[in-house]
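Please read them with the coordinates open.

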Amino acid sequence: MKKREPVQRDPLEVAIETALRPGQFIDWRMESTFTSELHGIAAQIDALASTDPDRAVRIHESFLAGCYEKADELDDDGYFELFVEALYCGWVKARQAAGADPDKTAKLLLDRMENDPYGYADQLEREAVKVLNKAGLAAFECAVRSLFLAKDSTGQPPRRWGEVLRAIYAQQQDVPAYVAVCEQTEFSAQDSLMIALLHKAQGSLAEALAWVERG
């Protein structure tokens with residue numbers, strides 16, 4: 001009988017498992033050093049996206065799964081949460097480099113934002129909008145807008161999805177769309193400032209000043 005060859009594991013996945021230190025509790029004094037090592041491995045995966053994006057997507061997903069397994073074994077002072085957010089962004093960029101369907105990417109993003117037991121992806125839109133390409137951002141906007149238009153029990157658009165749309169429209173510098181979302185939910189001083197900044201970025205200084213004064 002022919003002897004079966006051992007399965008070769010991806011060296012980056014081996015490095016991830018070692019760096020996550022399974023079974024070892026990471027307290028707040030160790031967290032900065034711990035996450036710095038994780039960032040080093042994530043940078044290697046990000047670099048891989050330009051040459052082998054499919055592999056980069058797969059390893060990012062393994063890394064994210066490992067992070068969620070590690071979540072109960074550390075005292076997070078914020079460093080780990082920020083790292084997981086960055087890892088999600090790397091995953092998005094890798095999927096785009098691999099030519100993945102932007103609608104599928106948007107659907108996966110929303111699923112993770114809605115079903116994160118540790119809350120790492122709860123406000124993922126803040127960073128995700130910065131790395132989504134034009135097609136990806138459009139697909140994300142379409143998916144989020146469908147949720148926004150589904151009224152809640154009070155008959156109002158869900159506030160959470162209004163916040164996500166704000167992040168999308170700010171990234172797109174779409175002032176009319178940003179204002180329209182605010183009108184359907186509730187204006188805040190922060191909204192007035194953001195609209196002023198968007199007008200300033202577009203060279204409309206008089207409009208920017210008017211929104212500053214309104215805020």
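1. The backbone nitrogen of Y120 lies 3.1 Å from a polar atom in the side chain of D116. D116 also makes a side-chain polar contact of 2.5 Å with Y68. A polar contact here is a pair of N or O atoms within 3.5 Å; within protein, one must be able to donate a hydrogen and the other to accept it, and residues adjacent in sequence count only if both atoms are side-chain atoms.

2. The model is predicted: local features need pLDDT of at least 70 and side-chain atom pairs count only at pLDDT 80 or more, while totals for chains, interfaces and linings use all residues. Residues are numbered from 1 along each chain as its sequence is written, and side-chain values use heavy atoms, with hydrogens and water left out.

3. Where does D116 sit? It is in the loop between α5 (102-114) and α6 (125-131). D116 is buried but has no salt bridge, and R112, the nearest side chain of opposite charge, is 8.7 Å away. Buried means under 20% relative accessible area, exposed over 50%, and partly exposed in between (1.4 Å probe, protein chains only). For charge, Lys and Arg count as positive and Asp and Glu as negative; His and the chain ends are not counted. Leaving out residues up to four places away in sequence, D116 touches Y68, Y88, A121 and D122; contact means heavy atoms within 4.5 Å.

4. On the overall fold, the protein has 11 helices and zero strands. Helices (H or I, at least four residues) and strands (E, at least two) are DSSP runs, numbered from the N terminus. The C-alpha trace spans about 75 × 40 × 40 Å along its principal axes. Of the 215 residues, 41% are buried. Among contacts with a separation of 6 or more, 63% are between residues 24 or more positions apart.

5. The largest nonpolar core has 63 residues, and F63, V84, F140 and I168 have the most contacts inside it. Helix α4 (residues 79-97) gives the most to this core, with eight residues. Such a core is a set of buried Ala, Val, Leu, Ile, Met, Phe, Trp, Tyr and Cys residues joined through side-chain atoms within 4.5 Å. In soluble globular proteins, nonpolar side chains tend to be buried together. Beyond its neighbours within four places in sequence, F63 is in contact with I16, L20, L38, I41, A42, I45, F83 and L87.

6. Helix α9 (residues 175-184) has V175, A177, Y178, V179, V181 and C182 as its buried residues. These pack against α7 (134-149), α8 (159-172), α10 (189-201) and α11 (205-214). At the start of α9, a side-chain oxygen of D174 comes to within 3.1 Å of the backbone nitrogen of A177. Q173, in the loop between α8 and α9, has a positive phi near 55 degrees, although Q173 is not a glycine. Q173 is partly exposed, at 38% relative accessible area.

7. How many salt bridges does the structure hold? There are 12, each counted as a side-chain nitrogen of Lys or Arg within 4 Å of a carboxyl oxygen of Asp or Glu. One of them pairs D10 with R55, the closest N and O atoms being 2.8 Å apart. D10 lies in the segment before α1 (11-20) and R55 in helix α3 (residues 53-70), so this pair ties together parts that are 45 residues apart in sequence. D10 is buried, with a relative accessible area of 12%.

8. D191 and R166 form another salt bridge, with closest N and O atoms 2.9 Å apart. Because D191 is in helix α10 and R166 in helix α8, the pair ties together parts 25 residues apart in sequence. D191 is buried at 4% relative accessible area, and R166 counts as buried at 11%.

9. Salt bridges that share partners join E125, R159, R160 and E163 into one network. Within it, E163 bridges to R160, the closest N and O atoms being 3.6 Å apart. E163 and R160 are three residues apart in helix α8, so about one helical turn separates them. E163 counts as partly exposed at 32% relative accessibility, and R160 is partly exposed at 25%.
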